[in-house]
Amino acid sequence: MNKQHLTIINHPLVQHKLTIMRKKDVSTAGFRRLLREISLLLAYEVTRELELTTTTIETPICEMQAPTLEGKKLALISILRAGNGLLDGILELIPGARVGFVGLYRDPETLQPVEYYCKVPNALDARMTIVVDPMLATGNSSVAAIDKLKEHGAKNLRFLCLLAAPEGVERMRQAHPDVPVFTAALDERLDDHGYIVPGLGDAGDRMFGTK
Ligand SMILES: O=P(O)(O)OC[C@H]1O[C@H](OP(=O)(O)OP(=O)(O)O)[C@H](O)[C@@H]1O
Ligand SMILES: O=c1cc[nH]c(=O)[nH]1
């Protein structure tokens with residue numbers, strides 16, 4: 001495979017906002033606001049390879065051939081529920097994107113994903129498909145979601161998260177070597193409960209104020 005499998009988005013604004021999000025005393029509202037802000041910056045990087053074509057337009061001065069996105073609208077797939085925090089921000093930047101959801105939760109004992117919902121846009125085979133979930137821990141959830149999307153025809157996939165553990169990156173590389181992973185940080189390891197260390201805790205709980 002020629003494409004780089006792991007990209008760490010180390011833009012200073014991303015890194016600064018992520019540091020604030022990691023702090024345990026950040027409020028639910030603050031966490032959500034930062035996730036929305038950071039998702040705009042991450043989206044900029046993950047869409048870098050969208051294809052362009054040209055179209056004829058008229059400026060007030062003259063006619064010109066101007067760049068415009070080519071092909072079918074891209075698909076954003078949120079892994080529920082924490083994926084929605086990234087999705088909301090990205091949709092502000094790409095309001096015409098098609099949106100799908102894969103509902104999964106991680107069984108706390110087995111760390112295996114349990115699926116409860118799936119609804120995805122049509123013609124996934126003709127769209128760049130960006131799967132979003134803030135956390136890549138064991139990789140079990142992202143691998144299962146991407147398995148599902150491939151069953152629906154998705155071919156040109158990216159996976160975007162905020163934090164990744166080495167274990168999850170390796171699992172994705174083994175299961176889906178064709179799917180580049182984009183993250184703001186690669187942390188040290190997983191703890192005995194499958195949480196990312198140092199991490200930021202449970203992304204869904206922090207985003208929605210649940211426990
Ligand atoms: O890489 P993995 O080990 O599979 O872990 C990552 C998953 O865990 C979290 O979701 P969770 O299961 O807590 O569900 P939630 O989003 O509904 O809170 C997170 O949002 C990922 O989906
Ligand atoms: O650290 C982790 C691991 C999985 N899911 C989370 O929300 N956080």
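Trainee: What should I know about the model and its numbering before we start?
Mentor: It is a predicted model, where local features need pLDDT of at least 70, side-chain atom pairs count only at pLDDT 80 or more, and totals for chains, interfaces and linings use all residues. Side-chain values use heavy atoms, with hydrogens and water left out, residues are numbered from 1 along each chain as its sequence is written, and chains are lettered from A and ligands numbered from 1 in the order in which they are written.

Trainee: How many residues surround ligand 1, and which are the closest?
Mentor: A residue counts here if one of its heavy atoms lies within 4 Å of the molecule. That gives 15 residues, the closest being Arg106, Asp133, Thr138, Gly139 and Ser141.

Trainee: Which residue has a polar side-chain atom 2.6 Å from an oxygen atom of ligand 1?
Mentor: We're after polar contacts, meaning pairs of N or O atoms within 3.5 Å (within protein, one must be able to donate a hydrogen and the other to accept it, and residues adjacent in sequence count only if both atoms are side-chain atoms). Ala82 uses a backbone N or O atom, 3.0 Å from a ligand 1 oxygen, and Ala137 brings a polar backbone atom at 2.9 Å from an oxygen of ligand 1. The side-chain contact at 2.6 Å belongs to Ser141.

Trainee: How much of the accessible area of ligand 1 does the protein cover?
Mentor: Accessible areas come from the Shrake-Rupley method with a 1.4 Å probe; for residues, only the protein chains shown count as cover. On its own, ligand 1 has 500 Å² of accessible area, and the protein covers 91%.

Trainee: How do the residues of the shell around ligand 1 divide by class?
Mentor: Ala, Val, Leu, Ile, Met, Phe, Trp, Tyr, Cys and Pro count as nonpolar, Asp, Glu, Lys and Arg as charged, and the others, Gly among them, as polar. On that basis the shell of ligand 1 has six nonpolar, five polar and four charged residues.

Trainee: Over to ligand 2: which residue has a backbone N or O atom 2.8 Å from a nitrogen atom of it?
Mentor: The residues around ligand 2 include Arg106, Tyr195 and Asp202. Ile196 has a backbone N or O atom 2.8 Å from an oxygen of ligand 2, and Ala203 likewise places a backbone N or O atom 2.8 Å from a ligand 2 oxygen. The nitrogen of ligand 2 has its 2.8 Å contact with Gly201.

Trainee: What is the strand order in the open sheet of three strands?
Mentor: Strands here are DSSP runs (E, at least two residues; helices are H or I, at least four), numbered from the N terminus, and two strands pair if DSSP finds at least two bridges between them. Strand 10 (residues 163-164) and strand 12 pair in the parallel sense over two bridges, with Ala164 opposite Leu186 in strand 12. The pairing in this sheet is parallel, and the order is 8-10-12.

Trainee: Which residue does a cis peptide bond join to Val197?
Mentor: Look in the loop between strand 14 (196-197) and helix 6 (203-208). Omega is about 0 degrees, and the partner of Val197 is Pro198.
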